[in-house]
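Work through the following exercises with the sequence and the coordinates open beside you.

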Amino acid sequence: MAQMQKMGSTAGRINRLWVWKLFGIFFWLNVILIGIVAYHLDLFELVRGDGLGLQWDEFAEIQARLQPIFVPIFIMQGAILLWQLLFGARRVRRRLRPLYEMAELADKLSAEVQTGAARFHNLEAAISQISPTQTDRLDTGDADLQGLEHALNNLLERMRDNYRQQARFVSDASHELRTPIAVIQGYVNMLDRWGKEDEKVLAESIAAIQSESVHMQRLVEQLLFLARGDIGKIQMSKEPVELTAMLKEVYDESKMIDSDHEYAIELPDGPVETVGDPGLVKQVARILTDNAAKYSPSGSTIRLKAGQGPDGGVFFQVQDEGQGMAGDDVPHIFERFYRSDSSRTKSTGGTGLGLSIAKWIVDKHGGYFDVLTWEGLGTRIVVHLPSVV
């Protein structure tokens with residue numbers, strides 16, 4: 001209301017100034033017109049002497065000649081001035097309204113910016129009080145910030161999940177490295193005490209140290225592979241990969257080095273091709289085959305298969321007749337160092353990183369896994385990959 005009153009007062013002043021200016025324009029215009037008309041009508045000849053006075057009849061004659069011309073002009077000018085005086089302020093207000101609306105909007109935006117700054121300051125203070133490791137949630141009580149708070153809470157939850165996974169990864173890696181180091185240290189101490197005289201102790205210690213050294217070397221290599229993969233240092237080639245030939249190589253190698261299990265393979269007649277790094281794709285097949293052998297009883301059959309998927313992609317799979325997994329374990333089997341409780345109780349010699357490496361490779365090739373398992377019956381893992389277009 002105050003802004004409207006201020007705008008009305010300003011419009012009135014502007015209109016009055018314009019009326020006075022218009023009156024001055026009309027006055028001098030009339031003087032010039034009268035002079036021009038008088039000159040053309042030879043009215044100056046009626047002026048006698050020095051022009052300081054006129055006879056009454058001469059003045060009446062001049063008035064009679066000019067009146068028909070200028071009376072309509074004076075009436076029209078008076079009407080214009082009266083109309084401008086009465087209604088001009090309204091027109092000025094219409095012209096000024098956008099400017100005042102802009103001023104009001106600027107004031108409103110300024111107030112909102114100040115309010116928003118205070119809100120974000122409160123939000124910043126609330127964020128600074130949240131613990132990165134606890135289950136605190138961001139809540140400022142401001143309804144306008146609920147969407148932002150929800151997004152930040154989701155981000156915090158993902159960060160906490162990553163933090164927990166990293167903490168578990170470091171803990172498990174430390175445990176996996178601590179165990180062989182402790183074993184090696186124990187056998188070294190035993191060698192130092194009795195190995196010089198007892199050949200049996202010497203042979204046992206050397207075999208144990210060799211075994212643990214190989215385990216440590218494999219663990220370190222897998223850790224380095226994942227670390228290089230996380231920072232993008234692994235160079236991958238892109239070329240056609242014939243899955244039937246690759247799986248046949250894995251089948252032949254497994255039969256040669258593993259005599260405790262039976263191996264069967266099922267391949268289609270035609271080629272099954274994808275695009276990727278041949279060595280890394282073969283590494284996935286080896287990891288799955290090694291896992292199947294580790295968790296399958298002696299004499300059981302491990303089946304390999306490749307083919308064309310129903311979605312137009314290609315696949316290869318490894319199926320065992322082992323102990324299977326519990327349903328709660330399946331979502332976690334690709335996490336680093338994760339092993340189900342049943343596998344932890346067995347001396348399998350695994351590091352818990354094989355499936356993590358396999359998942360990293362398959363993800364980089366644009367593929368995905370299908371896992372079908374049943375406790376006591378076995379597990380089937382299918383690797384789906386895009387086909388050659």
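**Exercise 1.** Locate Ser205 among the secondary-structure elements, and determine whether Ser205 is buried or exposed.

Solution. Ser205 belongs to helix α4, which spans residues 199-230, where helices (H or I, at least four residues) and strands (E, at least two) are DSSP runs numbered from the N terminus. The relative accessible area of Ser205 is 0%, so Ser205 is buried, given that buried means under 20%, exposed over 50% and partly exposed in between, with a 1.4 Å probe and protein chains only. When residues up to four places away in sequence are not counted, Ser205 touches Tyr187, Met190 and Leu191, contact meaning heavy atoms within 4.5 Å.

This is a predicted model, in which local features need pLDDT of at least 70 and side-chain atom pairs count only at pLDDT 80 or more, while totals for chains, interfaces and linings use all residues. Residues are numbered from 1 along each chain as its sequence is written, and side-chain values use heavy atoms, with hydrogens and water left out.

**Exercise 2.** Describe how helix α6 and helix α8 pack, and say which residues meet.

Solution. Helix α6 (residues 278-294) and helix α8 (residues 354-364) have axes 9 Å apart and pack at an angle of about 150°; the axes are lines fitted to C-alpha atoms over the stretch in contact, and angles run from 0 to 180 degrees between N-to-C directions. The two helices are therefore roughly antiparallel, as angles under 35 degrees count as roughly parallel, over 145 as roughly antiparallel, 65 to 115 as roughly perpendicular and the rest as oblique. From α6, the residues Leu280, Val281, Gln283, Val284, Ile287, Leu288 and Asn291 meet Gly354, Leu355, Ile357, Ala358, Ile361 and Val362 of α8. By class, this contact comprises 10 nonpolar, 3 polar and no charged residues, with Ala, Val, Leu, Ile, Met, Phe, Trp, Tyr, Cys and Pro counted as nonpolar, Asp, Glu, Lys and Arg as charged, and the others, Gly among them, as polar.

**Exercise 3.** Place His384 in the fold and identify its contacts.

Solution. His384 sits in strand β7 (residues 378-385) and is buried, with a relative accessible area of 11%. Leaving aside neighbours within four places in sequence, His384 is in contact with Val314, Phe315, Val362, Gly367, Tyr368 and Asp370. The side chains of His384 and Asp370 are also joined by a polar contact of 3.0 Å.  A polar contact is a pair of N or O atoms within 3.5 Å; within protein, one must be able to donate a hydrogen and the other to accept it, and residues adjacent in sequence count only if both atoms are side-chain atoms.
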